[in-house]
Amino acid sequence: MLLLLGNILVAQSQVYITFPNTSIFTISGNSSYQFDHPECCTPPSLAWINENITISTDNDIDESSLHVSSNGYGFQAYADFYSPSQFYINVECDQDSSLNSGMITFSFVSAKQKYKFSYWFQCGARKIVFTFDWSMILLIFSSCFLLIIMGRFTRILSLKITVQSFEFMMAAQPEKKGMVLYYQGFKVSYWYMILYLFGLFLYYVFLLFIKNSGVLDMTVSLIVCSLFGFLFVDEFLCWLSATFKLKYKLFWIIRVCDILSLSIIITLVVLYTVLNKQWYFSCIFAFLMMGASLKLFKFTSLRSASFLLVLCIIFDLLFYLFINLERYQSFNAYILIVANYPFLVEFPLFQYSYLRTCCWLSILDLILPGMVIAYLNRFDRNRNSNVYTMISILGLFFGTLTWILVQAAVTNIQFPQSIFVFPYLVGGVLIWAQKQGDLNVLWEGTFYDKFLYDPFYEEKFIQENELKGELFKELFI
């Protein structure tokens, strides 16, 4: 059944849509989707119409209130009145364009009530699905820029622990039991990879075969994002504590920075929920989670990193192909329909596509490259160099650019970002390392990593920062 979806403030009269074949549908009672929140990236389930339509009401329409707008390519829409209670929307298609498609919205006032409806129009019978929008460029390169910055600042400054018997969990290696050191996260071993891939498999199964459970899914997602977000905000405030003394203890182990971090995260969760999952709050949570993950999880060899990247490519490729070929659905739209959670970096499309109002990136496609860049950055800094970090950044750039070009050229199927980015990211590093004779050390991770293995390095780093902070206050405050 073909439905035209709309938003009625107070429905006191019926509104009908008539097609040229005299089919008539009542549309005023259908409020299954309200396109009032374009900032929310969950795609609208709009009707698809490829012919001019006539709208009629039980009461006269205020002609001055009638407004028609469109968001799309290759057509112009305008309205003309048949009678005081009836008008038609005429669409003129550009014959020189092959992308004659877009969303049409019309609104009017009848019997002192406002009516607003939207539908998807297309010239011709073949449905056109856009796989590229210029907003993707802005989203991808801004995300990669933040990723590069976060990959260079992966020290943990907020967590001190007393080492007992959990050395196998830690990236840093203590000299003796019972000593206190700054915790530097988890070493990504093969056991962690198995757990990660098992979790990724369960996530894919959930997306494919389990219906969205609404409140439960969103609650779990917000709890996970809040925990990671709290850690990252706390880290940032501890970095500022060199100047503002935010690590002052209030009671027990609770510090000023902890209270501020908790307040910020609670505020973000409330705003995200109350404002209907606005895309910019989703981006904030995703970037916070990305930053915290880069601090918590660390590769200690390029071999383990490459092994995990290859497995992720296989998982992603199988999942994308299943959605595109088996479900006959756009992967980009599918994810936003079933899993529009704050694990996605989102940005509104400049021109809407059918069943899509936003482009997005999964933080998993950003975290893993970020962990590789962080590992190479530590390798470079231990050698007073920057070459491998720059090669990986260039690989990330060219891999992302290749993915964008493929997305723009191939419109009938979509490919995961990982199959382009991951080979570029690691391939250039391996080639250069082989040429320079560093391949074995870099591949096995046999170099001495003072940023992880020196238990007193963070203490010295923080003391130097605090000294700089005192000098800053004396000079400028």
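Modeller: Let us begin with lysine 112, which sits in the loop between strand 9 (101-110) and strand 10 (113-122). Strands here are DSSP runs of E with at least two residues, helices are runs of H or I with at least four, and both are numbered from the N terminus. Please keep in mind that this is a predicted model, in which local features need pLDDT of at least 70 and side-chain atom pairs count only at pLDDT 80 or more, while totals for chains, interfaces and linings use all residues. Residues are numbered from 1 along each chain as its sequence is written, and side-chain values use heavy atoms, leaving out hydrogens and water.

Lysine 112 counts as exposed because its relative accessibility is 78%. The cut-offs are under 20% relative accessible area for buried, over 50% for exposed, and partly exposed in between, with a 1.4 Å probe and protein chains only. Its backbone is worth a look too: lysine 112 is not a glycine, yet its phi is positive, at about 65 degrees. Most residues other than glycine have a negative phi.

You will find asparagine 276 in the loop between helix 4 and helix 5. Asparagine 276 counts as partly exposed because its relative accessible area is 30%.

Two packed helices are described by the angle between their axes and the distance between the axes. Helix 4 (residues 256-274) and helix 5 (residues 279-296) cross at roughly 145 degrees, and their axes come within 10 Å. Axes are lines fitted to C-alpha atoms, for helices over the stretch in contact, and the angles run from 0 to 180 degrees between N-to-C directions. The crossing of helix 4 and helix 5 is left-handed, a term used if the near helix is turned anticlockwise from the far one by less than a right angle, whereas clockwise makes it right-handed. Helix 4 brings Ile265, Leu268, Val269, Leu271 and Tyr272 to the contact, and helix 5 brings Phe281, Ser282, Ile284, Phe285 and Leu288. By class, that contact has nine nonpolar residues, one polar residue and no charged ones. Contact means heavy atoms within 4.5 Å. Ala, Val, Leu, Ile, Met, Phe, Trp, Tyr, Cys and Pro count as nonpolar, Asp, Glu, Lys and Arg as charged, and the others, Gly among them, as polar.

Now for the rings. Rings of Phe, Tyr and Trp (its six-membered ring) pair if their centres lie within 6.5 Å; planes under 30 degrees apart are stacked, over 60 edge-to-face, and the rest tilted. By this rule there are 24 aromatic pairs. One of them joins tryptophan 279 and tyrosine 280 edge-to-face, 5.5 Å centre to centre with 75 degrees between the planes. Tryptophan 279 is buried at 19% relative accessibility, while tyrosine 280 is partly exposed at 34%.

Phenylalanine 379 and phenylalanine 447 also pair edge-to-face, 4.9 Å centre to centre and 80 degrees between the planes. Phenylalanine 379 lies in helix 8 (residues 364-382) and phenylalanine 447 in the loop between helix 11 (439-444) and helix 12 (450-453), so this pair ties together parts 68 residues apart in sequence. Phenylalanine 379 is buried at 1% relative accessibility, and phenylalanine 447 is buried at 13%. Phenylalanine 447 is also 9.6 Å from threonine 300, C-alpha to C-alpha, although the two are 147 residues apart in sequence.

Helix 8 holds arginine 378 as well. Arginine 378 is buried, with a relative accessible area of 5%. Beyond its neighbours within four places in sequence, arginine 378 has contacts that include Thr300, Phe447 and Asp449.

Finally, step back to the whole chain. It has 13 helices and 18 strands, and 51% of its 477 residues are buried. Among contacts between residues at least 6 apart in sequence, 70% join residues at least 24 apart.
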